[in-house]
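This report goes through a structure in short sections. Please look at the sequence and the model before reading on.

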Amino acid sequence: MRFYFLTFAFFLPGFSALAQEGHAEKMKAGLALFQKSIRPALIDNCLKCHGDEKVRSGLDVSTRELLLEGGDLDDAINLEEPKKSYLLTLIRHEEEDLEMPPKKDKLPDSLIADFERWIELGAPYDKPLLEKKEDEPTEMQITQGDREFWSFKTLAQVTPPKVEGNWAKGEIDQFVQRKLQQKKLTANPPAKDVDWIRRAYLSVIGLPPTPEQLKAAKSGSRADLVDELLASPHYGERWARHWLDAARFAESHGFEQDYDRKYAYHYRDFVIKALNSNMPWNDFIRLQIAGDEIAPNDPLAMMATGFLGAGVFPTQLTEKEFESARYDELDDMAGTTGTAMLGLTIGCARCHDHKFDPIPEKDYYRFVSIFTTTIRSEIDVDLNSKEYEDSLKTWQKAHDNLVAARNSYETSPSVTRAFEGWLGGDVRKSVAESEWTVLETRSAKSSQKATKLTPQDDGAILASGNAPAKETYTVSTAPHLSTVRFLRVEALTHNSMNRNGPGRASNGNFALSDLKLFAVDAKGKKRQLNLVGAKATHQQNTDSLSAASSFDKDPNGTGWAVDFGGIGKDQAAVYELEKAAKLKEGETLEVALRFSNNSQHSLGRFRLSVSGDPAPPVKVGGGRDGALSAALVALEKGTLDQKNREMLFGHFAKTDENWVKHDDAVRRSEGSKPKPKTTKVQVSSEGFKPTKHHADGRGFPHFYKETHFLSRGDPNQKKGVAQPGYLQVLMRDGKESESWKATPPAEWKRTSYRRTGLANWLTDVDHGAGHLLARVAVNRIWHHHFGRGIVATPNDFGLQGALPSHPELLDYLAVKFIKSGWDVKALHREILLSAAWGQSSANSKKKASIDPDNDFIWRFTPRRLEAEIVRDSILASAGQLDATMYGPGTLDERHRRRSIYFMIKRSKLVPMMQIFDQPEPLSSQGSRPSTTIAPQALLFMNNAQVVQWASALGASVASDDVTSSIKDLYLRTLSREPSPSELSNSRSFIEAQTASYGGAKNSKQLAFADLSQVIFSLNEFVYLP
Amino acid sequence: MNFPEYTRRHWLQRAGAGVGGLGLATLLADEGLLDGGDPLAPRKGHFGGKAKSVIWLFINGGPSQVDTWDYKPELEKMDGKELNGFDKNTGFFANAVGPLMKSPFEFTPRGQCGKMVSSLFPKLGEHVDKMAFIHSGHTESNNHSPALFMMNSGQPRMGLPCVGSWVTYSLGSESRDLPAFVVMSDPLNRGLPKGHAANWGAGFLPSVYQGTWLKPKGDPIDNLNRPKHMNDAQQLRQLALLKKLNGEHIKERPGDAELEARIKSFELAYRMQNAAPEAFDIDREPEHIKKLYGVGEKRCDHFARQCLTARRMVERGVRFVQIYSGGMENQRSWDGHNDIQGNHSQFAGETDTPIAGLLSDLEQRGLLNDTLVIWGGEFGRLPLTQKSKKPGRDHNPHCFTTWMAGGGIKGGVSYGESDEIGHHAAVDKAHVNDIHATILHQLGFNHEKLTYVYNGRRFRLTDVGGKVIKPILA
């Protein structure tokens, strides 16, 4: 261990100058002052937070050098104008809320005067206040004091304050009223009924009420309306958008090419579905972190993991960037988790201990290492697995019944009797004769090991394995036929091949370059049976790729192939033997098929048949299989066994009408067996194939097996492997990371379960981060209802964030939220039915003079609707909204679904959304700004979609009764009737505008379209009342 | 129970303490509290800046310093020699590294200062006495989009506010009829710079501060034209009714400034609708001016129109204009991997007359004094050959040249030096953060104090670096 120790400040640069200028006296006096009063004062009052345990605000007073560097807020010392030093400002208590030292009495005036004098003398040190290790800066230690910061503390059990009067409708109001009283404020009177209804509609489902809904709501109870709105599927579509801001959700990579992430939309659908089904918030969080481990068979849980992989990632990387890009990606996953879920800026501790929050650099790397092996993948998921399983069960039951019915019919005595009678008759005639007899396969082998040939039930042979470039199949068969005149090769399709084959080449083709037929006697002696002619159902040409070219002189360069019209279909080629072959007892047939004129052009599935007919048809199918031939022989010889009987029964049964009915029912049922419908879903998991990347060709590894502690965030300066862990400040009662870690079940191999451990810690209310998770969630919901959170910085609950305006209320709601089972809709209900939320939005000069920003909720703050809700409200009130939910989004601004179904492509953000402050999806956003700019007005005036939807609305309200049309329009758009002056102004407008469109047939409709557009543009239309 | 007490001032101070010098509007913007105020109202800097507006000519793809402004006689002598110890992963193509290659262009002394300039710039060479060259630029990525992000937003990552957004966020705009920050990209179907709109994005700043991309075809700005079925009188009648109805609404809601602002925004929009097309209509310019820029000349007509548009923009108070020369990559921009000679001749030919015309025109109108003109790309190019049919040059993050003119910049000076072959910045190295610090300084800002708090962190354009390059200041 090395220490540095400076004895005299004279050796510091900058000081020698002073000395040279002849200020030795000054220096001496400065040092004396330092030793006498400044040094003890700094040690007693400043050092703990500014250099020793902490470096708050970036200010370190432990050495002169560091002191002169100043902090994040400003330079601490101003040597040119000593009196203006910021340090003096703060110790003089001239800056409110930054009074130093904090929570202590002001320093004595004499001491402050000493500080001033000391700075005038050049602020010299005799030696540093601390002895520090040179190499390793002191690591930040998390103390019990850190855990006492308001947001890290456990939740307080708060009793709602008692209040007077009957304004308060519930506990929320008791807290709000108490605070208002303290500030000498009073709440506004309740909002008008219609304003309240409109506010509820826009807030909960993001659409204005239709005239019918408005009427119903006026006569019903508010509680019922709230329940109804929260049950609407539109609720999820409206509130999902809020969370998507926090989740920096988008559907493209960003960077160079900004490739689409085609299957990322499932995450958006997950959020909508989770909110609509009122998924408990802790589960909502758990699934986004580790749904693939917690519920791998639940498609919704797989979709949820899209959260982690929604961030930007470069699509073009050089080798030098591979590792740092991966660390950036880990930072994005960890950082967004911290900000969106806990309101903590974990990422700030990447290069150094967090400057403000108690998050040491080591905690950062431990946290980040949780995601070490987590990557983006696209996998097939059955989105409705439950539905599939249910329907499969139902089907199986019905199917089993049908099979049982057929079986019991087959075994009934009368049928058995009839079968025996049939067997006694002319069976050979009853079993329709066929021109083709399928050869019974005894053995089938390829010359190449890679290919496996497997006989199938229908007499065909299936090839599997990686197709080698060239190979020869040798098939040994029992012919069950005494005279052979023709050999048929059927080339059959199968889904194992490209384009279903019938060949194994990449285009589905094959080329049978050589075909030989041998008769083999019992001793194994072969005689070749020469081929002379060929016909085929399809051949690629009549020359080098014809069926006949399979037995020409060239065994390699030519052969039967079927491209140009024959791919994906069954084909057959029929070869004539030079002489009819008479087969002796015990003789077998051997067929050799050679595929050598093009790479991998072998047959994938084929069947061999022979015929003794003089002119058998050239077709696919219709072969009598060898087994039947064998059974007939056995029947004639009287050696029929059970297998033969069953086969013959099949032929007999086809002559029985009743059996055919039973059998048809079974077959139809087989055809309707439910299949799982899989869809590609983007997930964040481990062990799946990574999503394709531009740099795969350069060897981009997608992840590294270990995450290291890094010096200054630089992957070239590794300091050892980091093991997964959580934030110390959010671990209590002596618990350590181990307490939450999860081990996978015995048979589980694919993932590490590190994220499950994180999910456990995040949601652990007693000893982990669950209490903060609840505070942050409650505050987000509050924020969206009131336009400002109880904590005004929803993404920052750390030391730089705002303090809560109603801390007791926040804890009260968080406790209740957890107790309710993290019931989001119950929280909405409580807020929506409060008097605080239900009060009028009227402004008041007097109240505003006390609380200009309405921090204490003396009114409902009127707010402009968000981008999506502006557009959706126009569509809905124009009767143009397409309510189709879920699925891929679009970039087309003309679409008419809700705005949440816009595709979010990072390089092509939708102008109509951007212009109304939809944030760029690059990092987590907790609250949107609300700007008012001229381009928004231009959009209302000139945008093609706005004009189109206004026209639709105009056309649907226009009538000869102008007054009732105007009333209709007002009701549909603003949920109320026009005032007399609004009516008369609108009437005059319609008259003048109609006249200006002159003789046009639809001049009145045009005028109403123009009026509709004016209404859309009104403040009233785009503001929450 | 002891809860911390909340005060609004406390919060303000947390967000803004120590920022100093910035107007209240900016402070409020810091907190997303722009509601009601005009987010683009003109504001003052920390001190009086010499430049009011910026025209940034983005030489997209990475211009080669040794073939343009950084004359390297030593490289001529070493032509054809291998560069020992060269890290082949410096550029993009590790397997195409060739020997050192002299510039195929001839250099001659130009202007009173005698600056050695490549034959690529016959006209621009006449203006070297207005320019300050920075020959020691270096950056942090050898890959287009991170380097573009670096040059535009100060860090090689996606998602941070670009220089134009920082500038309009802090200074607002002098123009009420035009966008505050305008971007023009290649109009010849050669694509957008890598990273697309993120290069002029506002990042975490309110989206009102992002660059307005002028569409190269059709109407340059969305929603600028009245609906086709309507005449001016009919639209005015709509606006009159809108005003009346909004007026009735606001009467019952006195004191909500935001509602007032929204009413005004429609008046502003109507003015913009009339003024903007006029501003974009360069055919109103007299013939001799068009000729000065090269309008109508086959090779450079497109860029000439963009430069002329840029002048019309700053003349009307637009704060920040960025024009990209070239489209995406390879032969579609200055990205001369193949045939550096052909590539640079092409793109220099497209821009030489227009930029020279712009400088002359700004000067003759007295606009150059308060308009900062910047020329530069995202990185430089290697002094080595990139092996190809015709020799090219690969990316070089270690050295590039950029120049500035006008807006309080000293003319005819050169700052910093590259090594003798133009491979690394060697003397007085200038990091991208330094260039940004200098730009902000010319506009009146201390780059260390122009900050924005987002998700608990105080962000700066210059991150933790940046020093103003004082020797080039007038």
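## Overall form of chain A

The model is predicted. Chain A holds 35 helices and 19 strands. The C-alpha trace of chain A spans about 130 × 90 × 60 Å along its principal axes.

The radius of gyration of chain A is 41 Å, whereas a compact globule of 1025 residues would have one near 31 Å.

Among the 1025 residues of chain A, 47% count as buried.

## Domains of chain A

The domain assignment divides parts of chain A into domain 1 (9–138), domain 2 (253–377 + 682–733 + 746–752), domain 3 (435–621) and domain 4 (878–915 + 932–1025). Between the C-alpha centres of domain 1 of chain A and domain 4 of chain A the distance is 64 Å.

## Helix H5 of chain B

In chain B, helix H5 covers residues 163–171. Is this helix mostly covered or mostly exposed? H5(B) is mostly covered, with 9 of its 9 residues buried. These buried residues are Val163(B), Gly164(B), Ser165(B), Trp166(B), Val167(B), Thr168(B), Tyr169(B), Ser170(B) and Leu171(B).

The opening question can now be settled.

Definitions and conventions
Residues are numbered from 1 along each chain as its sequence is written. Chains are lettered from A and ligands numbered from 1 in the order in which they are written. This is a predicted model: local features need pLDDT of at least 70, side-chain atom pairs count only at pLDDT 80 or more; totals for chains, interfaces and linings use all residues. Helices (H or I, at least four residues) and strands (E, at least two) are DSSP runs, numbered from the N terminus. The radius of gyration is taken over C-alpha atoms; the globule rule is 2.2 Å times the number of residues to the power 0.38. A residue is buried if 20 or more other C-beta atoms lie within 10 Å of its own, exposed if 12 or fewer, and partly exposed in between; C-beta atoms are placed from the backbone. Domain bounds come from an automatic or database domain assignment.
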